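Here is a short briefing on one chain. Look at the sequence and the model first, then read the points below.

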Amino acid sequence: MKARIKQGIAWALSIALLLSVTVFFALRSDVGLWIEQTMDVPPPMDLTPLSESPKGRTWSIEELCALEKVSASSLMMLVNATHPLPKEYEPTLTEYNGAQMHPLMVDAYVALRDEVQRRTGVRIYVSSDYRTAEEQKKILAESASGTAAPLGCSEHEAGVALDVYAPYYAGREFLKSPAGREVNRICGDYGFVIRYARDKEVITGILYEPWHLRYVGAPHAALMMEQDVTLEEYVELFAPEVWYKSGDYLILRTAKKEITLPWEWESAHVSPDNTGYTFFTVKIS
Ligand SMILES: [Zn+2]
């Protein structure tokens with residue numbers, strides 16, 4: 001009898017040990033991130049349609065873009081197989097540490113990289129930045145289908161995306177490094193989204209790429225990451241010509257060439273979305 005009890009205890013201990021080892025590895029690996037993201041219930045979306053448009057001064061897009069506190073860019077452009085870059089598209093680029101990217105992305109990228117390093121002790125690096133059509137063509141020729149966007153349909157050609165890696169952990173291995181998982185956890189707070197998200201291949205047309213960072217800025221990135229929506233889905237959340245409020249921001253998606261802004265506002269960002277509308281993102285305090 002005693003021997004059977006001993007045997008039972010030994011079995012129970014072995015199972016407990018096996019379970020703890022499994023849980024330990026799950027929490028310390030990309031499986032851990034997957035569990036975390038799957039279990040995560042997002043808070044109600046901080047995006048409210050306003051019943052009335054703001055009262056204030058009416059501006060033409062040209063007048064607005066001439067102001068120092070307004071930046072105009074392509075950050076909200078939807079670029080995918082069905083929304084290629086306009087033929088006349090010219091990316092706005094600057095160079096940082098040998099990588100070419102939109103000027104508005106530089107500070108955000110540095111802040112994200114430094115915070116990831118502060119939290120994990122590991123520095124991330126850029127492996128792919130802006131690509132010319134020629135470079136995209138070459139990548140297409142070398143890759144399997146579903147892993148690279150068609151010509152003219154890549155966010156890298158738009159100059160608003162970066163592929164990043166941690167030393168020894170690039171591509172599919174990226175999430176096996178604590179730095180890779182941290183990038184995926186916090187990038188939304190720095191204006192970046194994991195553009196080709198897990199389980200969203202049907203919508204994005206591109207396989208999961210936890211290393212591909214697309215810059216959309218605040219507050220869009222945080223909303224998209226928190227609610228787990230792709231840019232395709234996000235753009236459609238905004239009924240045209242309706243103002244929305246999110247935190248300190250007012251957002252309008254419009255086809256009109258002039259808009260009325262409140263008398264007081266701090267800064268604004270103007271970007272076409274490549275679906276026929278322009279996004280105005282206005283910081284009000
Ligand atoms: Zn990429």
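Which residues point one way from strand 9 (residues 212-215), and which the other way? His212 and Arg214 point one way, Leu213 and Tyr215 the other way, and all are buried. Buried means under 20% relative accessible area, exposed means over 50%, and partly exposed lies in between (1.4 Å probe, protein chains only).

This is a predicted model: local features need pLDDT of at least 70, side-chain atom pairs count only at pLDDT 80 or more, and totals for chains, interfaces and linings use all residues. Residues are numbered from 1 along each chain as its sequence is written, and side-chain values use heavy atoms, with hydrogens and water left out.

**Whole chain**

- The chain has 10 helices and 14 strands. Both are DSSP runs numbered from the N terminus: helices are H or I with at least four residues, strands are E with at least two.
- Its C-alpha atoms fill a box of roughly 90 × 45 × 35 Å along the principal axes.
- Of the 285 residues, 43% count as buried.
- Take the contacts in the chain with a separation of 6 or more: 68% of them come from residues 24 or more positions apart. Contact means heavy atoms within 4.5 Å.

- Two strands pair if DSSP finds at least two bridges between them.
- Axes are lines fitted to C-alpha atoms, for helices over the stretch in contact; angles run from 0 to 180 degrees between N-to-C directions.
- Strand 6 and strand 7 (residues 161-165) pair in the antiparallel sense over 3 bridges. Here tyrosine 125 stands opposite tyrosine 165 of strand 7.
- Strand 7 is joined to strand 9 by 3 bridges, and the two run antiparallel. Leucine 162 faces leucine 213 in strand 9.
- Strand 8 and strand 9 also run antiparallel, joined by 3 bridges. Isoleucine 194 stands opposite leucine 213.

**Helix 4 against helix 7**

- Helix 4 (residues 103-120) packs on helix 7 (residues 178-186) at about 130°, with the axes 9 Å apart. That makes helix 4 oblique to helix 7. Angles under 35 degrees count as roughly parallel, over 145 as roughly antiparallel, 65 to 115 as roughly perpendicular, and the rest as oblique.
- Helix 4 contributes Leu112, Glu115, Val116, Arg119 and Thr120 to the contact, and helix 7 contributes Pro178, Ala179, Glu182, Val183 and Ile186.
- These residues divide into 6 nonpolar, 1 polar and 3 charged. Ala, Val, Leu, Ile, Met, Phe, Trp, Tyr, Cys and Pro count as nonpolar, Asp, Glu, Lys and Arg as charged, and the others, Gly among them, as polar.

**Backbone points to check**

- Most residues other than glycine have a negative phi, and most peptide bonds are trans.
- The peptide bond from alanine 218 to proline 219 is cis, with omega near 0°. Proline 219 sits in the loop between strand 9 and helix 9 (220-227).
- Tyrosine 168 has a positive phi, near 75°. It lies in the loop between strand 7 and helix 7. Tyrosine 168 is exposed, at 80% relative accessible area.
- Aspartate 228 has a positive phi of about 60°. Its place is the loop between helix 9 and helix 10 (231-236). Aspartate 228 is partly exposed, with a relative accessible area of 45%.
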